Amino acid sequence: MNCKDFEKSLALYSYGELAAEERRVFEAHLEGCANCRARLKESERLHRLLAAHPSPEPSPELVAECRRALEDPIDRELSS
C-alpha cells in the first residue's frame with residue numbers, strides 16, 4: 001500500500017468497513033509511515049469533534065418540502 005491508497009481507504013478503516021486483509025495491509029502501512037499515522041490521528045480527532053456536536057434533525061416541514069421537490073424528477077425517471 002502507498003500513501004495514496006491509504007488515503008482512499010482511510011474512511012473505510014475509520015468506520016470498520018475494511019475486510020480483514022485490507023485492514024492488515026492498511027495497518028502494516030501505518031507502521032512504516034509517519035505521515036499516514038499523523039493523517040489517521042487527524043482524522044480521528046475530526047471524528048471526535050464532530051461527534052461532540054451532533055447535527056440537528058431537519059424539521060418535518062423541510063423533509064416534506066424536499067420530498068415534494070423530488071416527486072417530479074423521480075416520477076419522470078420512473079416513467080422513462
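Which residues of H1 are buried? In this predicted model, the buried residues of helix H1 are Phe-6, Ser-9, Leu-10 and Tyr-13, where buried denotes under 20% relative accessible area, exposed over 50%, and partly exposed the range in between (1.4 Å probe, protein chains only). Residues are numbered from 1 along each chain as its sequence is written, and side-chain values use heavy atoms, with hydrogens and water left out. Because the model is predicted, local features need pLDDT of at least 70 and side-chain atom pairs count only at pLDDT 80 or more, whereas totals for chains, interfaces and linings use all residues.

The mean pLDDT (the predictor's confidence in each residue, from 0 to 100) is 93 for the chain, and 100% of the residues reach 70 or more. Confidence is lowest in helix H4 (residues 60-79), with a mean of 89, and highest in helix H2 (residues 20-32), at 96.

The chain contains four helices and zero strands, giving the pattern α-α-α-α along the sequence. These elements are DSSP runs numbered from the N terminus (helices: H or I, at least four residues; strands: E, at least two). The radius of gyration, taken over C-alpha atoms, is 20 Å, whereas a compact globule of 80 residues would have one near 12 Å by the rule of 2.2 Å times the number of residues to the power 0.38. The C-alpha trace spans about 50 × 35 × 20 Å along its principal axes. Of the 80 residues, 15% count as buried. The chain exposes about 6700 Å², of which carbon and sulfur atoms supply 54%; accessible areas come from the Shrake-Rupley method with a 1.4 Å probe, and for residues only the protein chains shown count as cover. Among contacts (heavy atoms within 4.5 Å) between residues at least 6 apart in sequence, 54% join residues at least 24 apart.

The end C-alpha atoms of H1 are 16 Å apart, in agreement with the 16 Å that its 12 residues should span at 1.5 Å a residue; the expected span is 1.5 Å times one less than the number of residues. Seen down the axis of H1, its buried residues fall within an arc of 150°, so they line one face of the helix; the arc is that of the directions from the helix axis to the C-beta atoms. The face turned away from this buried side carries the exposed residues Lys-4 and Lys-8. Cover for the buried residues of H1 includes H2 and H3.

Helix H3 (residues 34-52) comprises 19 residues and reaches 27 Å from its first C-alpha to its last, close to the expected 27 Å. Cys-36, Leu-40 and Ser-43 are buried in H3. Viewed down the axis of H3, these buried residues fall within an arc of 60°, so they line one face of the helix. Asn-35, Lys-41, Glu-42, Arg-45, Arg-48 and Ala-52 are exposed on the other side of H3. The buried residues of H3 pack against H1 (3-14) and H2.

Ser-43, in H3, counts as buried because its relative accessibility is 8%. Not counting residues up to four places away in sequence, Ser-43 touches Leu-10 and Ser-14. His-29 is located in H2 and counts as buried at 13% relative accessibility. Leaving aside neighbours within four places in sequence, His-29 is in contact with Met-1, Asn-2, Cys-3, Phe-6 and Cys-36.
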